[in-house]
Every structure is written in structure tokens, then in C-alpha cells.
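Visitor: I would like to learn how to read an interface between two chains. Could you take me through one?

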Amino acid sequence: MKPISSDNSLPTLDEAPRFALSRVDSEQAPRFTRRFRTRIFFYITALSLATSLTSAGIFTWRQTIHIDLDRDRRAKTLLTGLATHADIAAYAGDQALCELASRTTLDEEDVGMVAIYDRRGKEILERSKINSEHPAPDPQAMRLMLGNPDAAPIKIPRATFHDLYAPIVTFVRDPADAMVEPGIGSLRREVVGVARVGLLLEQGQRQVIEVILWGVYLAMGILLLGVFAAALISRKVSRPVAELTLGADLIRAGRLDTRVNIQSKDEIGQLGYAFNRMAARLAETMAALEALNRDLEAEVARRTLTIQRAAAFTALLNAPVRQRGSSAMAPRMDTGEWTVMGGKMLPTAHASGRASGALAQLLDKALRALMEGSESRAAAILLVDEESVEFALEVSWCVGVVAREIGQIPTEDELSREAAWYDSRRLVVPLHMGDELAGCILLFRDSLPPTDRVQFATHAASQLAIAVSNVLAYAHQIHLARELRERNVALAKQRDQLEEMNRLKSEFLANTSHELRTPLNAIMGYSELIADGVYGPLTPEQQDALTGIEESTRNLLTLIDNILDLAKVESGKITLHHDEVELRELVRGVLTEAAPLAKHRPYQPELDAPRPVTLRTDGPKVKQIVTNLVSNAIKFTPEGQVQVAVGQDAGGQAFIRVRDTGIGIRPEDQRIIFEEFRQVDGSYTRTYGGTGLGLAIARRFAELLGAELSVESALGVGSTFTLRLPKEPPAPTTREVPIIAGPGAGTGPRQTRRPITPPPVPPLPPSVRKPPRP
Amino acid sequence: MAGGLASAPTGAEEASGRVLVVRPDGGIYAQIAEEFEADCRVRAQTKLLKEDNAADIRRAVRSTDVVLAVGQRAVDALRGVPATVVAALVFSPPPGVIQVDPGPGPSYELTLEALQRALPDVTRVGLVYGRETEEHVQRFIVPPARRLKIELVKERVSDGPDAVRTLRRMAPYVEALLLVPDLEVMTPQVFQYALGLQIQRALPILGVTRHQVKSGAFLAYDADPRALGRQAAEVVHQLLDGVSKVELLDSPQAVPVELTVKGDVARRLKANLAPLRNLQARFE
């Protein structure tokens, strides 16, 4: 420890700031151009100046107040004395006596005027030394003084003096009582006059000026004392501070053995003592830091090596994954046994399982890296078979293979809780895939593993678990992809077979229907000829039989026509012919044609069309849709009403609404009535007849027209079918419609069909040629 | 009321007579009343004179045979009552009131003689008086002054302030001041001013009562208050015994007077005290 003052090589205190500045300047530090001593000097001087000014101000203020109070007190004394001395004079109203009484008062230097007035306010005496101003007595003050013996003196400020008034009071009592005994009888005060004194302000002003001068002297005196004290204190205070500054600068320069020599017993001395302790502690800390830095560097190098090993291990594990797609990497997962790699390194042969493919390569590389990274003489990786159902037992058994060597078997809980379990020679690290225990790593060492080796093994275990998981997942993915391809090929083959079968069915149905229609037409024609008696008269029984033949034939023909229509739709070639169509006339024609259907009904279908509705659409298709709807309405409405409305909604869209009060449709059945060959109930067919194709065809035609066909119905109340036609028809083209849904529908490509052309009908004899009834 | 006294008494109280003492509050008045009550053979009722009970007193007087009025204010309050009034220590008695003492009149001669003995060089005495005492001065002061060869410088004044002004003018020309008990003139301020002259100009003040001497006057002759009380009891007895009021009015009562001297004033005036002691003077 070297005190600064004892070191001859160090600058003196006077040179210390310059020394510090030069050192600081050399290190590009800010310039310290102000001196602490100067600042203290200026602070104390400024404080002294403020104190002196404040003191002088307070002194002057207080003295001025005292002067004013003294002047008032003196004025009161003079006035009271005059009033007391002049009581007899005022009582007598005698000027000579007043002169005598006021002489003493008037002789006072600051009294400029004296006056005495009698009890009526009349002047008895006035004597003045004031030449410039002789004001008359203030009337209000005179009234106040004469009217009240107890009135307090009044001061009226004038330009050069204070005009003072006081009542002159005497005591009045009974003269007889006064003669026989002064102390008895009633006594009262009576005003016998007014005393007035003019007190000059000049003397007071001189006193004020004198007080101000004394205030200035006082301020200057305090300021001089303050300057002297500032010089003294700044020198005394700045010396140890400068020494501390120099000491701090030396320590900063690296001279940690520097100590300051401050002997004072106050806070500065305490600061010096603390500075020396700080310097000593700083030296100790610096030494400790250097040692710590060395340790840290060694630790960093060791950790760096560990990280590098871990990174190399991670890169090693990632290598097989990057080779996915190679057929050679697909592992064989069909052994169902424990898989043990590096079995040759284990002292027991219980672990006889074996991995294959990429997994085997991965585990082999991992074992080599683990042995190298953990500085072990032997290593093993044990994996649990993923299909095992006795997981805990097999883990214990698995670990037990090695645990028998180390004399202790860790439980599954221990393996799950602890990151690593080891004794002096063996290190067991669990492998976790997600939340499941998938196996463990066994490392054999000759000594207790250091912490960084344990950390490395733990890190390697986590990376290895991920890598194994990736390899297994990749193998599983390859297996799934292969299986999917095989299934797709089989499905495609099945789909082609179904499509061909469907096409053959449709062609057969269309051809068969057409072939049936031709003879049916012939049957109907000959039946009508017979009924008309072309071949001779008929008996009533024959007539009834013919009628039955005719109705059955018509039904069969209708069925065939519907099948043909449906076949056309399903074959995919429907030609639309759009033209201007007036819907009201169209519906009126439908109702006319449907009138025979209602000849056995107690009602006739009604038309509600207040105005014509014209739009561009395919009229025959619309008519067929409406005919189907009206026929159904009449068919399912034994009694009640059938009404057809034609119009346009608020948006200008045309609609045709067929409403009946028939049997109605249950809500759950309303979605199936548009399907082919479907009626709500089989009994309907028996009761009301029909093929179940009318609404299906109507729905298909509506779709072709871009229209919408919907139903609203309530069972037992009736039904309402609404056809909403678009404002503009779709483009006039041949549209492709999907084939009827069947097995395999929707899985294969849509096919289009050629329109089915009906075979020619054989001509009838000219004499019997008549078109069949619809 | 005298008639009332002449009629025969009907009962014990009537035989002894009904006496009322009216007096202001105060030491000397109480002294006289106490002495009177001590000497009076009948029990007297005393009423204090206050500023607001004059009417009550006048009602009480109606059932009274003799009223003793002590002091000038009591006499003034009983002025005009239909009763026989005996007055004590009164300076300006109204007509018809029986005065216990002859007043200061006979004492002026004694006062001037005492002055001459104490201060033989004093030959000119100043005097101010008012309307009430003009006759008094001519009757009781001028003759003895002439006999003692003392020059009287006298002047009639209207009131107290006039008296002060007159005394101020008179002071340079006189060697002593004689005070008269004129109630319009002799105000406390006049007495105060006279005392000032005594101090400033060494003018001896010849007072009227011993209390003026006590307040600063040089000397005065007056009757002892207790003697006044006893004399009042004597007069009341005479009235109760049937002596007529007129008879008592015509024969002034003889009450001994005493000389009172202010010692320190006498020494300051360098007065000759031996003759004063021979006159049995009381020194204050």
C-alpha cells in the first residue's frame, strides 16, 4: 500500500487535476475543464450573496416597520400629552393657557403644527412650522373627536406630514362633592376640545434612508465574510477530493496498489478509507476474475468439444433420413423380437434380435459415435418392439440384460424420471419417443462418467430416438404407399367393368322399350278398329274386354314412353329447341288435354293466370313437365280442387304452380318422389296406377331447361309443385346428362350416350290407319 | 310640617317622631349619618340618594316628621317637599331649610388670620366668585380682610372656564388665592388650576374644606363631620321636642370648626408653622 503523498514519482496535489486531465485526454475521454474547488467557491459565494441580500432585505423591512411603528407610537404619545396638558386650557378656552400647554409639543423637531380647538370645534390656538401647507381641520375627524370622549386618535396622511387628532377630555363631577370629598359622587368624562398635531415625515424618511444604508453595509459585510469562508472551505474540501481523483485515475491506469492518505475524521476521511478498501477489494477481485476467466475458457473449450460431438452425432443420425426413397433402406419389421444392435459388444447373448436395412445402418453408426463421444469402451442400444403388449416387463428384462452385469435393475419409473442412470462404470440412458419409453442406451466405462459425458449421452439419446422414430415412420410410409397403389389398380379395374355393364343395360333397356312400343301401337290400332265395329258388331262383353285391352295397352305405352324418355335423358343426348312461349296458353292447353282425366272427378282443374307470361324456353318440355304435374294432381286428388297458377314473382321470374287438395306427401317422402321408379308407397301404384317415372322425368327436364322444380306438401292437406323457369334459357345445345346412378356411379368418368333411335313402326292398312290416343 | 309636629302624637311612634335621613353614598356623608343615628333618640330611617330614586324619596318624605338631608345633593333633591328639612354639610341651602352649621362664612376670618400668621408677608389675596356667593363675599370676607389689612383682589365670574381665565390673569398680581364655595364657579377644573398656580407661582390656596387641603390646598377651616352629625341630632331633638322651625332658623347653630394645614405645602411655601400649631391645626 503506497500513499500518494509518499510516492515521489506521482504528481503533487496541485498538479493532480492536470495530470488526470492529460491521462484522460490521451484516452479520448471528455474534457473536464471545471475545477471542483472553483465550483465550491462559487457555490458558497453565491449562497453568501443570497444570504446577505436576504438579511439586508429583512433587516431593512423590519427596521422600516419599526420606524413606522415608532412614529405612530410617538405621534400617539405627543398627541396624548398635548391633550392631557391642554385639558384645563381647552376647558377655559384660554389661548394663553393653550400656548403654554402646547409649547413643549411644538418644540419637538418632528412636530410641524399644533392646534387646539374648543368643545364647539372653534380654534383656540394654532401654531405651525410648516410654510407650504396649512390645511383646515378635517371636519369628519373633528366631528368624531368632539362626539366621543373615548374616540381613538386619528391619523390622516398628508403630503409632508401626518395630521393627527385626539379628543381633549376632562372629568366632570358635582362641585359640592368635589369640595367635601374628591372620591365620592358620580364622575363622567366630557370632551372639552380637540388636540391636533402635524407630525412631519421628513425625519422618518431620513431614518428609512439611514436604515437602507445600514442594510447595504450589512449585506456587504456578510458577503465579504462569505467570500472569505468560501475560499477557506473550497480549499479545505477540494484537497481530499483532488487526492481521491488522482487515486482513482491511478487505479484506472492499472496501479491497483494505489492508496490515498486522508487523515480527517469526517465523511471525507470515511470516503478515503472506503476508497482504500475498494482499491484493495478491486485488486482481489481482479485476481479472482483472472482465475475465473481461465476456468471459464477451459470450460468453454470442453463444452465446445461436447457440442461439436453432439452436432456430429446429430448429423450422423440425419444422414439415413436424407436417403429416403431408396428401396434398400426399407427395414424389415416382421421379426417381432427385441432388436439389439452391437450385440457383439454385450457380455450376454440374450439380446439376439437384429435390425435390418436403414435402421441397422443407423444403429451401427450411432453405436460407434456414442462410444467415441462418451469415451466408453463398449456400448449397446436396446429397442422395444413396438408390437409388444408387455411393455414394462420387457423393458425390465431388456435392461436386466445389462443390469445383471451391474448388479442393479432400474425400474421403468426410474428410467422415465431420470435423464440418465449410472454408477461408477455403467451409464444407462433411456430412449423416449414422445411420451413412451422406446428403449435405452448402455455405455460401459472404466470410471465414473463426467457431467459433460452424461449430457452428451442424454442429448444423443434424444437425437437417436428421433432418428429411429423417423426411420420407422419412413418405413411405415413406404409400406402404406405401396399398398395404396395396389388398391387403386384394383379399383380402376372394377370401375371399368361396372361402367361397361351399365352401358349395356341402358342400351338393352332402350332397344327393348322401343321394340315393345311398335307392337303395342299395332295392338292399340287394331283394338280401336274392332271397337269401332270395322270387323263387325260387338257384344257388350266384347266391348268391355276391348276397353280393358285399350286401357292396359295405353298404360303400357305410357310406361314405355316414359322409359324411352328416361333412356334419352340417361343416354345423354337431349336436344332443346327454345322459342317464344306464352305460358298461360301452354297451361290452358295442358288443362284441356287433361280434362278427360278428371271426368270422373267432382271438379275440373282451374287456371289462375290473370295475365300472359311470355318467355323463351323449350315449350314441349315445359308442357310435358306441366302435364305430368297436372296428371299427378288429378290422380291423387279424388275430390277437392286442383288449381294451376301462372305468373311472375317480384324478381320477374316466371313460375307455374300446380296446387291440389289431395292426399299429400309426408315430409320424409318428399325427397324420394323425384327418383326413378319411386312412389311414396307401393300401394299407391296399385290404387292410383303409374310407373313412378313421371316426376323423375319432370325433374330431369327441369334441370335441362335450367329451371327448378320443388314441392311443398302436407299429408292429408294437399301438395303444391312449383316450376320456376329462368328468365333466359341456357345456350341451345345438346347437353350431356349423367347416366342413371348405379353401382360404381360417381367413381368413374361420366359417359355420354348416343341417342336411341326407335325402330320404325309397321304401317297399318290405309282403311284402318288412325293415330293412337295419347 | 311644623304643624304636624305641633299636633299631639297619637301612638308610641307618633310620640317619638318619624325621622328620615337622606344622603348620597360616600364616606363623609355616611360619617355624618352614623353619628346622627348614634345620637338621635329616635330610630331614623336612612335612604341613599341615587340618580333614579328621587321620586321614591319624595314619596317617603310625606309620612315623615323630620328629614335630615346630608350634603348639597340631598338638599337639592328635597327641594320643595312638605317636610321639615334639616341640612348638614350644605354650601348653598335653599330657603326654609334648617342648617346644622353656619357654613363657611364665619370661618373666613379665621382663615385669613391663619394665613397672616403663617405668611405675614402676604397682603394681597385673590378671589373669584359667582352670582350665588356675591353677598356671601361682601358679608363674610370683605370685612375681616379689611380689618386684617389684607387687600382683596376679587372678581365675579360667570362659570368655571371664566374663573380659570380670571385666575390666570389675576395670578401675577396676588400673593394668595381664597376659594369660596360657589357651586357654579368652583368646579374641579378651577380647583385643579388653582393648585397648579400654587405650585408654579407659590400662591397659597386657602380652601373651604379639609378635603381640599387633603387634595393640595394650603389650609382650611371647617367643622368636623361627626360634630355635624351630633349637632344634627340635637336640632332634630329640638324639633321633636316642639321647638318651632322658625325659631331654629333664626338662631344659627354653633358648631366648632377646626384648622387643617397641608404640611408639605406649608414647608414649600416656607410658612411659619408655629402659629399654626398654636391654633390647634391638624396637619395633613
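Visitor: How many residues of chain A are in contact with chain B?

Guide: Contact means heavy atoms within 4.5 Å, and by that rule 23 residues of chain A meet 27 residues of chain B. This is a predicted model, in which local features need pLDDT of at least 70 and side-chain atom pairs count only at pLDDT 80 or more, while totals for chains, interfaces and linings use all residues. Residues are numbered from 1 along each chain as its sequence is written, chains are lettered from A and ligands numbered from 1 in the order in which they are written, and side-chain values use heavy atoms, with hydrogens and water left out.

Visitor: What area do chain A and chain B bury between them?

Guide: The size of an interface is often given as the accessible area lost when the parts come together. Here the buried area (accessible area, 1.4 Å probe, that two parts lose on being put together, summed over both) is about 2100 Å², 63% of it on carbon and sulfur atoms. Tyr91(A), Met179(A) and Val180(A) supply 33% of the area that chain A buries against chain B, more than any other three residues.

Visitor: Which residue forms a salt bridge with Asp177(A)?

Guide: A salt bridge is a side-chain nitrogen of Lys or Arg within 4 Å of a carboxyl oxygen of Asp or Glu, and the rule finds two across this interface. In one of them Arg73(B) pairs with Asp177(A), the closest N and O atoms being 2.7 Å apart.
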